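These are my notebook entries on a single chain.

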Amino acid sequence: MQSARKLSQGALLAILLLTGCAGPSIGYLQLQVLSKGMGSAEVSAALKQGPLEQTEVRSGGRTFSFQRYFMTSSVATDPYFLAYENDKLGYWGTVSEFRRHPDTVLTDAFNQAFAILSAPKK
């Protein structure tokens with residue numbers, strides 16, 4: 001019993017350390033302050049932090065800016081993205097949510113941005 005307790009304490013510590021290495025993150029409740037049309041500075045102020053990274057890409061004659069955050073839930077920490085067009089927030093979500101979006105131009109732009117933001121840093 002005691003060895004199982006030590007193992008679970010060790011696993012918990014490892015999870016906390018790994019989550020801490022991920023950098024600042026946002027929680028589900030913070031998303032309630034977001035609404036379409038907000039500017040990027042307004043979003044950063046509402047979330048009380050800026051993005052970890054951002055990039056701009058063009059697709060279908062449109063220019064999008066994508067910001068990457070980490071979303072922390074009770075189970076995991078996952079990448080979370082916000083998409084702007086003309087500095088207006090248009091969509092936000094996880095990788096799978098972006099890839100299911102009905103706007104194929106946005107989805108293509110997201111795939112480009114995801115490749116850039118996920119590339120190993122030099």
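Entry 1, strand pairing. I took strands (E, at least two residues) and helices (H or I, at least four residues) as DSSP runs, numbered from the N terminus. I counted two strands as paired if DSSP finds at least two bridges between them. Within this pair, I found glutamine 67 opposite leucine 82 in β4. I noted that a hairpin of 4 residues joins β3 to β4.

Residues are numbered from 1 along each chain as its sequence is written, and side-chain values use heavy atoms, with hydrogens and water left out.

I found 7 bridges that join β2 to strand β3 (residues 62-72) in an antiparallel arrangement. Here threonine 55 has phenylalanine 66 as its bridge partner in β3, and serine 59 stands opposite arginine 62 in β3. The hairpin of β2 and β3 has 2 residues between the strands, and glycine 60 takes a positive phi near 55° in it. I also looked up strand β1 (residues 26-27), which pairs with β3 in the parallel sense over 2 bridges. Isoleucine 26 stands opposite methionine 71 in β3.

For strand β2 (residues 53-59), I listed Glu53, Thr55, Val57 and Ser59 on the covered face, and Gln54, Glu56 and Arg58 on the uncovered one. I found β3 mostly covered, with 8 of its 11 residues buried; buried means under 20% relative accessible area (1.4 Å probe, protein chains only), exposed over 50%, and partly exposed in between.

I located threonine 107 in helix α4 (residues 104-118). Threonine 107 counts as buried because its relative accessibility is 11%. Leaving out residues up to four places away in sequence, threonine 107 touches Phe98, Arg99 and His101, where contact means heavy atoms within 4.5 Å.

I noted a mean pLDDT of 86 for the chain, with 81% of its residues at 70 or more; pLDDT is the predictor's confidence in each residue, from 0 to 100. Over residues 12-21 the pLDDT is below 50, and this stretch has 1 contact in the model beyond near neighbours in sequence. Where pLDDT is low, the predicted coordinates should not be read in detail.

Notes: This is a predicted model: local features need pLDDT of at least 70, side-chain atom pairs count only at pLDDT 80 or more; totals for chains, interfaces and linings use all residues.
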